[in-house]
Structure formats: structure tokens, C-alpha cells
Amino acid sequence: MDIPLRLSPADMRRLGHLAVDEVVDHLATLRDRPVGGPPDRARMEALFDARLPGGPADPVEVMEQAMAQLRDFIVHTDHPRFLAYIPGPSTFVGAVADFVASGLNVFAGQWIVGAGPAVMERTTIDWLRTLCGLPETGGGLFVSGGTMANLVAVHAARSRRDGLVYVTSQTHGSIRKGLRFLGFDEGRLRIIATDDRHRMDVAALRRRVARDREEGLVPSCVVATAGTTNTGAVDPLGALADLCAAEDVWLHVDGAYGAAAVLSDRAGDLLEGLGRADSIALDPHKWWYQPYEAGCVLVRDETTLTDAFAMNAEYLRETRHGTAPLNYYDLGPQLTRGFRALKLWMSFKTFGLDAFRQAVEHGIALAEHAQDLLLRGDRWDVVTPAQLAIITFRPRLPGAAPGRVDDLTRRIATGTLRDGFALVMTTEIGGRPVLRLCITHPETTARDVTDTIALLERLADEAAGGNGRA
Ligand SMILES: Cc1ncc(COP(=O)(O)O)c(C=O)c1O
């Protein structure tokens with residue numbers, strides 16, 4: 001007799017093997033395919049079958065239909081020449097971990113049903129806590145990504161003491177979005193000036209905190225960034241930690257992208273002071289090569305999370321009994337939650353930390369290589385130097401009005417989307433667009449970088465009517 005909503009073991013294997021073949025083929029051939037192309041919603045909607053299914057269908061046919069629709073209609077953020085944004089490649093091991101976690105439908109929210117996963121998550125968090133230099137009182141949990149990690153951290157900071165929050169113009173937008181979500185009054189946000197390297201100006205922060213105190217206001221939290229999204233800059237963490245300690249203000253470090261570089265000696269100096277933070281956001285789905293979604297929030301004192309998030313529900317009483325229960329619903333916003341930690345746990349164990357270190361250092365070195373290439377000719381102005389794995393630049397057009405340079409910069413970026421060989425997008429610095437390379441993929445080669453810059457030069461020539469220099 002058929003079991004409802006259950007495939008036969010043979011069909012499960014058939015479907016599973018097909019899925020593995022699809023993913024392996026994808027990974028094996030990706031480099032030789034385009035990064036992607038401009039999305040065309042009308043075309044997609046015309047192609048996709050939107051009818052609500054009534055009866056059953058062969059699972060393999062359904063899977064093939066899904067793959068046909070997916071394959072051509074995503075930009076491959078895991079492509080070695082996807083240089084547009086920070087999120088990127090993921091390890092196959094991480095993808096398998098996600099499959100296993102959902103195949104067993106692991107519930108990683110409470111102790112009595114998920115003790116094994118809770119202990120494994122705790123182990124993984126301990127690895128990250130130690131790497132970041134936080135003390136043993138620390139802890140944390142996996143969340144969906146940097147946005148949620150920032151939200152959890154800022155909520156913990158405000159639960160300790162509500163008051164003013166200090167950011168810079170370079171702070172990631174998720175902080176303000178999170179604060180809005182938490183009902184924070186924007187009038188209590190302070191935007192601190194940055195120095196010539198787009199880092200928080202500690203003297204300006206000190207003056208502002210003093211002025212706010214004189215006015216009887218209460219500083220709550222300084223949000224520093226370790227690896228800004230725009231330029232890869234790292235705020236002066238040690239000096240900020242000194243100031244926050246002296247002022248008894250919570251220091252949150254948004255290291256969603258850059259904290260991954262703690263593995264690297266090359267970035268070691270930049271990240272000095274990271275371990276003095278009260279909380280850290282760190283995204284394994286960015287520079288630690290995990291499939292989406294994998295974000296992580298770490299805190300210096302785990303009781304700050306329980307103070308902010310502990311929940312009580314009559315039907316959860318038993319989850320508080322037993323030996324040292326570890327209920328993640330007390331540490332963050334979710335009760336039902338998947339087992340995100342497994343992918344990092346399995347990836348670290350499979351490849352070892354040295355492989356991750358080398359991959360991170362490869363990105364740092366390639367951004368420096370890109371800088372050498374850009375400075376070598378007379379076609380580009382480097383706007384911000386290679387920092388972590390990011391470099392920004394714009395075309396050099398001697399004598400041209402800034403508006404013309406800006407227009408050309410944007411046209412080069414949209415040209416890459418049409419071309420498909422590599423993807424490079426813009427961000428804004430000082431109110432003007434710049435091209436930005438984020439080189440975090442461990443399989444990107446020096447040749448890829450050279451060829452991508454050659455592509456940008458060709459697109460500049462085409463956009464400027466055959467002569468990008470004119
Ligand atoms: C510095 C920083 N913080 C936070 C985020 C948001 O992370 P997520 O997209 O995982 O929510 C990003 C995303 O790029 C980021 O670069």
C-alpha cells in the first residue's frame with residue numbers, strides 16, 4: 001500500500017542521485033559557462049508553468065522541470081568570475097550537510113528533541129568564538145545571515161541598556177533596517193565621521209559621546225565594521241574597544257564579511273581588537289564558503305543573549321530538565337530552527353582550517369593583484385586600495401566632467417551583466433559610483449582577474465564610442 005506523501009525507497013534514490021548529478025555537473029562545468037545574464041521577468045513568467053498541481057507527477061520529471069527553469073535564470077554567485085558582491089561559492093560538503101539536516105528534519109531549537117545538534121552547534125560556536133578571541137563566557141548561535149546576526153546583537157545591546165547607537169556612513173544598511181524593525185527612534189542614531197580610509201573616526205566618536213552625555217543622553221552601542229561592504233575597510237577595533245570599555249558602551253563588530261579573515265596572518269593586524277567586542281556578526285555564507293543561509297552571532301557573555309531572548313511557554317517545560325539543557329530558543333529569535341551549524345562543522349572537519357586560511361588569503365592576494373594591474377596602465381583611477389578582498393576604481397577620462405565618468409562607470413557595470421563572462425557591479429563612494437571587485441572565490445585565478453579587467457576596458461571603449469579614453 002502506498003504511504004501518503006512518501007516516495008518508494010527506489011524513487012527516493014533515483015531522485016537523490018539525479019540531484020547529486022545535477023549539482024556535481026553544475027560545479028564541474030561552471031567556470032566554462034556565463035556568470036549569468038540580465039533577468040527578464042516577462043520571459044520567465046511566460047516559460048514557467050504556474051498552474052497549481054492537482055494530481056501527482058513523476059518526481060524525476062518534476063525535478064528536471066525545476067532544473068530547466070533554474071539553470072538559465074540565476075546569476076551564478078558561486079562562479080569564479082562573479083566579482084560583484086561578497087556572497088559567493090559554497091562547498092559541496094556544506095550543500096550535503098544542508099541536505100542531511102533537512103532529510104532528517106533536524107529540529108535545532110530545543111534540547112529534548114535536538115540535543116546532539118545543540119552540542120554540535122555549541123562546538124562550532126566555540127571554534128568561532130576561539131578564532132575571534134572571545135572569552136569562555138562567550139557563546140552565540142547560527143542565524144540566517146548578517147542581517148539577522150546584526151539584529152540579534154543590537155537587540156542584546158539595547159536589552160542591556162537602551163539608548164543611543166553610533167554608526168558611520170559605511171555601516172551596512174542591515175543595522176538601520178534592524179533598528180527600525182526593533183522600533184528604534186532614528187533620532188537616537190548618531191552617524192560618526194570617517195577618516196580618509198573610510199574608517200570610523202575614533203576622536204569624532206569620543207567627542208560625540210561626551211556631548212551626548214553632557215546633554216543627559218545615554219549611549220548604548222557602537223557599531224563597528226570589520227570589512228565594510230563598500231571598500232573592505234576595517235574600523236580601528238582596538239581603539240574603539242578602549243573607548244567603549246572606558247564609557248561602558250556595548251561594542252558590536254559587524255564582521256559579516258571581514259571577520260572570516262581572522263584565519264589569516266595577513267589580516268591579523270587589521271582585526272586586532274576583534275576579541276574585545278561585546279558581539280560579533282560573522283557570515284559563513286560569505287567568505288567561509290557555505291551555502292545560504294549561514295550567519296552567526298557571537299557574544300562575549302552568553303547571558304546577554306538569554307537576557308534578551310529567553311522565552312517561556314507552558315508546553316516547553318520538559319525542555320528545561322535533564323543534564324545542562326541547551327535550548328537555542330532562549331538565545332535567539334527562533335523556536336523552530338534548522339541545523340545550520342552542520343554545514344560549517346562538516347566543512348571545517350573535511351577540509352581542515354588550513355584550507356580555509358589559504359582560500360581567504362588567496363582572495364586577499366588577488367585583490368592586491370587586481371590593484372597592481374589597475375595601477376599599471378593609464379586607464380583606471382583606484383579609488384580605494386585593496387583591503388581584505390575588495391578594491392574600488394573608476395575609469396580615467398582626463399578632462400571629462402565627473403558626470404561623464406559616473407555615467408561611463410555605470411555603463412561598464414551593466415555591460416558586464418549583458419556580456420556574461422564576469423560580473424562586476426558598482427557601489428558609491430563620496431556620492432559617486434565606482435566599480436568594485438570582491439574576490440572571495442577560492443577558484444578565481446590571476447588570469448580571471450586579468451581577463452576581467454580586459455573586459456572592463458573593452459566595455460569602456462564600446463560605451464565611449466570606440467575610445468574609453470576620450
Ligand atoms: C558588512 C555586512 N554586514 C551585513 C550584511 C548583510 O548580510 P546578509 O546578506 O547575510 O543578511 C552584509 C552583506 O553583504 C555585509 O557586507
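Biologist: Where does Asp-248 lie?
Modeller: In this predicted model, Asp-248 sits in the loop between α9 (237-247) and β5 (250-255).

Biologist: And what is phi of Asp-248 near?
Modeller: Phi of Asp-248 is near 55°, which is a positive value in a residue other than glycine. Most residues other than glycine have a negative phi, and most peptide bonds are trans.

Biologist: On peptide bonds, then: is the one from Tyr-292 to Glu-293 cis or trans?
Modeller: The bond from Tyr-292 to Glu-293 is cis, and its omega is near 5°.

Biologist: Where is Glu-293 found?
Modeller: Glu-293 belongs to the loop between α10 and β7 (295-299).

Biologist: Change of topic, the ligand. Which residues come nearest?
Modeller: There are 14 residues around the ligand, and the nearest are Gly-146, Thr-147, Asp-254, Asp-283 and His-285.

Biologist: Which helices supply at least two residues of that shell each?
Modeller: Helices α6 (146-160) and α10 (284-287) do. The largest share, 3 residues, comes from α6.

Biologist: How does the shell around the ligand divide by class?
Modeller: The shell has 9 polar, 3 charged and 2 nonpolar residues.

Biologist: What does the side chain of Thr-147 do there?
Modeller: An N or O atom in the Thr-147 side chain is 2.5 Å from an oxygen atom of the ligand.

Biologist: And how far is His-285 from a ligand oxygen?
Modeller: For His-285, a polar side-chain atom is 2.8 Å from an oxygen atom of the ligand. Lys-286 also has a polar side-chain atom by a ligand oxygen, at 2.9 Å.

Biologist: How much of the ligand does the protein bury?
Modeller: The protein buries 84% of the 390 Å² that the ligand exposes when taken alone.

Biologist: Last topic, α12 and α13. At what angle do their axes cross?
Modeller: Two packed helices are described by the angle between their axes and the distance between the axes. For α12 (residues 341-351) and α13 (residues 353-376), the axes come within 6 Å and cross at roughly 95°.

Biologist: So is α12 roughly parallel or roughly perpendicular to α13?
Modeller: Roughly perpendicular, because angles of 65 to 115 degrees count as that.

Biologist: Which residues meet there?
Modeller: From α12, Ser-347, Phe-348 and Phe-351 meet Leu-353, Ala-355 and Phe-356 of α13.

Biologist: How do the residues of that contact divide by class?
Modeller: The contact of α12 with α13 has 5 nonpolar residues, 1 polar and no charged.

Technical notes. Residues are numbered from 1 along each chain as its sequence is written. This is a predicted model: local features need pLDDT of at least 70, side-chain atom pairs count only at pLDDT 80 or more; totals for chains, interfaces and linings use all residues. Side-chain values use heavy atoms; hydrogens and water are left out. A residue is near a molecule or strand if one of its heavy atoms lies within 4 Å of it. A polar contact is a pair of N or O atoms within 3.5 Å; within protein, one must be able to donate a hydrogen and the other to accept it, and residues adjacent in sequence count only if both atoms are side-chain atoms. Accessible areas come from the Shrake-Rupley method with a 1.4 Å probe; for residues, only the protein chains shown count as cover. Helices (H or I, at least four residues) and strands (E, at least two) are DSSP runs, numbered from the N terminus. Ala, Val, Leu, Ile, Met, Phe, Trp, Tyr, Cys and Pro count as nonpolar, Asp, Glu, Lys and Arg as charged, and the others, Gly among them, as polar. Axes are lines fitted to C-alpha atoms, for helices over the stretch in contact, and angles run from 0 to 180 degrees between N-to-C directions. Angles under 35 degrees count as roughly parallel, over 145 as roughly antiparallel, 65 to 115 as roughly perpendicular and the rest as oblique. Contact means heavy atoms within 4.5 Å.
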